Amino acid sequence: MTMGAGWYLRRLSRMGPREVGGRVGDAVRRRRWRSARPDVPSVPGARFTAVLPAGTLAAVPPDAAKRLLAEADRLMAGHATYFGVDRDDLVAPDWWHDPKTGRRAPWGYAFDVPYRDEEAVGDIKQIWEPSRHQYLTVLAAAYALTGDERYAERVAEHLRSWWTANAPLRGVHWTSGIELGIRLLSWVWVRRLLDGWPGAPGLFERNPVALRQIWHHQRWLAAFPSRGSSANNHVVAEAAGQFAAACAFGWFPSSARWRADALRSLERNLRGNTFLSGLNRELATEYHGLVLELGLAAVAEADAAGVPVPRTVRLVLLRMTDALAAVVDGRLRPPRQGDADDGHGLVVDGAGTDRWGSLLATGDAVFGRLPWWPEVPGTDVRTPLLAALVRPYAKGGAAPAVSRPASRPAHFADAGMTILRGPGEIWCRCDGGPHGFLSIAAHAHADALSVEVRHDGVDVLADPGTYCYHGQPEWRGYFRSTLGHNTLQWDDGDQSVSGGPFLWTRHARTRVLVADASGEGVARWCAEHDGYQGVVHRRRVELDPESQELTILDEVHGEPGRVRLAFHLGPSVTAELVENRAVLTWTRDGEDRSAVLDLPGELSWRAHRGESRPPLGWYSAGFGRKEPATALIGTGSADGAAGFTTVLRFHG
């Protein structure tokens with residue numbers, strides 16, 4: 001996917017004067033850096049002191065350690081899976097090779113590399129992901145837990161290989177700030193977890209090559225922050241990585257300035273990226289998780305280094321943690337809303353560890369759980385490591401007094417999210433929020449008024465997910481389209497207007513009219529949006545706990561036009577559609593479950609599954625992966641004012 005001149009003009013139109021000025025300065029700086037060869041300051045006597053407190057590793061639960069070591073041994077054998085691609089090349093990686101397309105990124109000055117062009121570079125996510133070095137933190141954690149030097153030696157071998165192959169400002173790994181920020185955070189934790197290994201000082205603080213890389217990473221991040229309409233999760237990752245390195249690797253003359261600037265950016269952008277309710281402003285749940293992980297990791301570095309952190313930082317992280325506890329379903333799964341690319345801030349756990357349970361466990365250790373929080377049955381490695389470094393919320397006066405929710409919140413007015421709950425673990429998310437964050441809403445989907453329904457953690461009416469970013473525009477368009485979500489499409493258009501990848505030029509405006517999810521009697525929600533010019537789409541949702549019925553009423557007011565109403569089923573749900581009734585069946589924990597979906601008779605209904613031309617009937621469980629799933633599409637017309645009623649009845 002190559003961005004044409006039209007995309008750049010549309011992108012420019014979404015910037016304000018200050019952002020344009022900043023980007024002009026960035027362009028000038030990039031030209032100047034092309035020929036610059038700065039000297040890395042000498043740091044004789046550098047020592048690493050940000051170690052784990054004694055006894056920390058003994059607190060790691062045995063089952064979590066077992067999962068970690070299984071993952072580490074798989075990595076030692078060269079195996080890993082990134083975005084649906086099974087790889088066996090991690091014994092001696094080619095850092096620029098994309099195994100998905102077979103292409104290899106070109107060498108050259110970093111800012112000349114067309115990393116968005118899959119024809120020239122390959123799938124950039126496949127190339128970037130291993131170079132976040134989060135698999136190396138897993139190997140380093142395996143060394144810390146076992147003392148087996150094989151793990152440490154593999155980490156050292158790969159770091160030296162990467163540093164040799166990726167000289168500063170050369171190649172694809174120096175093009176994106178989020179990559180540099182996360183990589184720095186990984187290096188901090190690699191050094192910390194290898195501290196008992198005799199070769200650790202020679203790998204890092206006594207190694208001129210490592211010092212050069214660390215210095216250049218921080219110089220880059222200080223010079224080229226994400227700004228303006230791009231100041232989303234990327235700028236948080238940049239600031240968190242810069243801050244972590246300036247704390248743990250604070251050996252350079254500029255370290256104090258880098259640390260102070262990064263902390264100011266982190267504080268400002270954590271607040272800027274988070275609603276007061278605690279939900280992430282991008283309205284993309286996986287980025288809520290990423291930002292929370294990055295924030296907790298940054299606070300851990302601050303506390304380990306004795307660096308005071310503004311009280312607002314901990315307050316934002318506390319609110320984010322409480323919000324996460326509020327929105328998850330009975331299986332600790334959060335909403336599948338907006339973009340998701342499987343991004344993590346800090347990885348020290350093996351496969352099978354529940355990401356959201358891990359975050360809630362860390363939140364419990366740092367902030368303390370509230371009585372209404374769901375129980376977290378699993379274990380993880382990361383929580384005891386972070387908890388050993390972060391001062392508990394209740395100690396040290398680190399945050400202002402704050403009133404935390406006395407009961408589980410169900411409506412987040414600023415984010416426009418409402419969670420309706422019923423018996424048998426019925427969980428329903430109603431979307432009446434803004435169309436994404438900032439002027440480009442980069443990670444938003446055209447999903448206004450969509451619903452997402454689960455029964456005991458099983459996707460019944462599912463949000464299809466994301467699947468891809470670059471290289472496959474038709475698939476990217478489908479997974480973020482209005483038709484790709486459980487909502488109503490009018491005249492074959494999207495509610496919001498796309499200007500290309502990561503860019504929306506017109507945003508649907510949504511307002512919530514009713515949100516009564518108090519848990520007493522029938523729960524009700526109603527909202528409307530103006531995304532279709534000349535037409536208002538209003539949706540009412542009611543959940544009756546006694547009958548276990550979910551009723552959805554869609555109303556269209558305005559000009560006549562063609563209507564398509566979509567209901568996407570989860571991949572484990574089978575549907576038998578006869579006229580306008582679908583019998584849904586699935587299995588959970590060996591038990592057969594069922595529901596009946598009565599669809600509006602005014603529309604003509606068809607089931608679609610796994611279609612490619614055009615895409616329809618797909619579910620993406622994770623980035624780079626997709627599988628067929630049934631989509632029920634009702635087609636008809638709306639003339640002036642029309643109403644369509646859908647009823648979902650659960651059995652047993």
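Select helices α14 and α15: the two are oblique to each other (angles under 35 degrees count as roughly parallel, over 145 as roughly antiparallel, 65 to 115 as roughly perpendicular, the rest as oblique). This is a predicted model, where local features need pLDDT of at least 70, side-chain atom pairs need 80 or more, and totals for chains, interfaces and linings use all residues. Residues are numbered from 1 along each chain as its sequence is written, and side-chain values use heavy atoms, without hydrogens or water.

α14 spans residues 311–327 and α15 spans 355–367. Their axes come within 10 Å and cross at roughly 130 degrees. Helices here are DSSP runs of H or I, at least four residues, numbered from the N terminus. Axes are lines fitted to C-alpha atoms over the stretch in contact, with angles from 0 to 180 degrees between N-to-C directions.

Now show the side chains at the crossing. From α14, pick R314, L317, L318, T321, L324 and A325. From α15, pick W356, L359, L360, G363 and F367. Contact means heavy atoms within 4.5 Å. The set divides into eight nonpolar, two polar and one charged (Ala, Val, Leu, Ile, Met, Phe, Trp, Tyr, Cys and Pro are nonpolar; Asp, Glu, Lys and Arg charged; the others, Gly among them, polar).

Next, move to α2, residues 17–35. α2 gives six residues to the lining of the second largest pocket, the most of any. A pocket is an open set of points on a 1 Å grid over the protein atoms alone, where a 1.4 Å probe fits, with protein on both sides within 12 Å along at least five of seven lines; lining residues have an atom within 4 Å of a point. For its centre, select R23, Y115, R116, T175 and S230, the nearest of 47 lining residues.
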